[in-house]
Amino acid sequence: MYQLLMGSCEKVRWRRLISHNKSSPKSLLISWVVMWGRLPTLDRLLTWKVVDGNVCPLCYGSLESVQHLFFECGYSAAIWSHVLTSLHFNRPVGQLDSELIWMVRAAKRTGDRFKLLLMLFVECIYGIWLQRNAKVFTHACSSPQDMLKRDQIQTCL
Ligand SMILES: [Zn+2]
């Protein structure tokens, strides 16, 4: 009966990013919502006719989507670049799908550097979301350098 009620529950490929991660609960929750594609970014709000436009509030140079907000935006790219360099990963920041594939592979690796990478990935997603919200609601946000000074991030770097 339980199996019938639950249906077929396929495991999502990015489950290790969340389940084997010791980041803060809030950052894990927001990352989980991002990976399910349910974050209320402006592109989604625009389709629901909740907002009039969807220009990225962090750079005003592109339309806000999960892809842009967390990976393409200059604000986020500066953060990822710093994180990757700090952990001695020599690679450019890619698209959402390619970054998730890379992170899933990293989640299977052992070692402190990979554990820190997963924690920083989730904490930066949350930090970028907080700064995006601050910019939307208060018209001010921290610089990428100041965002990286958050306690949850500094303890990992
Ligand atoms: Zn942007």
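Predicted model: local features only at pLDDT ≥ 70, side-chain atom pairs only at ≥ 80, totals over all residues.
Visitor: Does the span of helix 8 agree or disagree with its number of residues, and how far apart are its end C-alpha atoms?
Guide: Helix 8 covers residues 112-138, and at 1.5 Å a residue its 27 residues should span 39 Å.

Visitor: Where does histidine 88 lie, and is it buried or exposed?
Guide: Histidine 88 has its place in the loop between helix 6 and helix 7 (96-108), and its phi is positive, about 65°, although it is not a glycine. Because there are 7 other C-beta atoms within 10 Å, histidine 88 is exposed.

Visitor: How are helix 6 and helix 8 oriented to each other?
Guide: Two packed helices are described by the angle between their axes and the distance between the axes. For helix 6 and helix 8, the axes come within 11 Å and cross at roughly 160°. Angles over 145 degrees count as roughly antiparallel, and therefore helix 6 is, relative to helix 8, roughly antiparallel.

Visitor: Which residues of helix 8 meet helix 6, and how does the contact divide by class?
Guide: Helix 6 passes helix 8 in a right-handed crossing. On the side of helix 6 the contact involves Ser76, Ile79, Trp80 and Val83, and these meet Leu120, Cys124 and Ile128 in helix 8. By class, the residues of this contact of helix 6 with helix 8 are six nonpolar, one polar and no charged.

Visitor: Is leucine 84 buried or partly exposed, and which residues does it touch?
Guide: Leucine 84 lies in helix 6 (residues 74-86), and it counts as partly exposed because it has 16 C-beta neighbours inside 10 Å. Leucine 84 is 36 residues from leucine 120 in sequence, while their C-alpha atoms are 9.6 Å apart in space. Not counting residues up to four places away in sequence, leucine 84 touches Phe89 and Arg91.

Visitor: How are helix 3 and helix 8 oriented, and what classes of residue make their contact?
Guide: The axes of helix 3 (residues 25-35) and helix 8 come within 8 Å and cross at roughly 85°, and the two helices are therefore roughly perpendicular to each other. Helix 3 contributes Lys26, Ser27, Leu28, Ile30, Ser31 and Val34 to the contact, while helix 8 contributes Val122, Glu123, Ile125, Tyr126 and Trp129. By class, this contact of helix 3 with helix 8 has seven nonpolar, two polar and two charged residues.

Visitor: What is the orientation of helix 7 to helix 8, and which classes make up their contact?
Guide: Helix 7 and helix 8 pack at an angle of about 140° with their axes 8 Å apart, and they are therefore oblique to each other. Their crossing is left-handed, and the contact is made by Met103, Ala106 and Ala107 of helix 7 together with Phe114, Leu117, Leu118 and Phe121 of helix 8. The residues of this contact of helix 7 with helix 8 divide into seven nonpolar, no polar and no charged.

Visitor: Which residues is glutamate 72 in contact with, leaving aside its neighbours within four places in sequence?
Guide: Glutamate 72 lies in helix 5 (residues 66-72) and counts as partly exposed, because it has 19 C-beta neighbours inside 10 Å. Its C-alpha atom is separated by 17 Å from that of isoleucine 101, which is 29 residues apart from glutamate 72 along the chain. With its neighbours within four places in sequence left aside, glutamate 72 is in contact with Ser62 and Gln67.

Methods: Residues numbered from 1 in each chain as written. Helix = DSSP H or I, 4+ residues; strand = E, 2+ residues; numbered from the N terminus. Buried ≥ 20, exposed ≤ 12 C-beta atoms within 10 Å, placed from the backbone. Contact = placed C-beta atoms within 7 Å. Expected span 1.5 Å × (residues − 1). Axes fitted to C-alpha atoms, helices over the stretch in contact; angles between N-to-C directions. Parallel < 35°, antiparallel > 145°, perpendicular 65-115°, else oblique. Left-handed = near helix turned anticlockwise from the far one by under 90°. Nonpolar A, V, L, I, M, F, W, Y, C, P; charged D, E, K, R; others polar.
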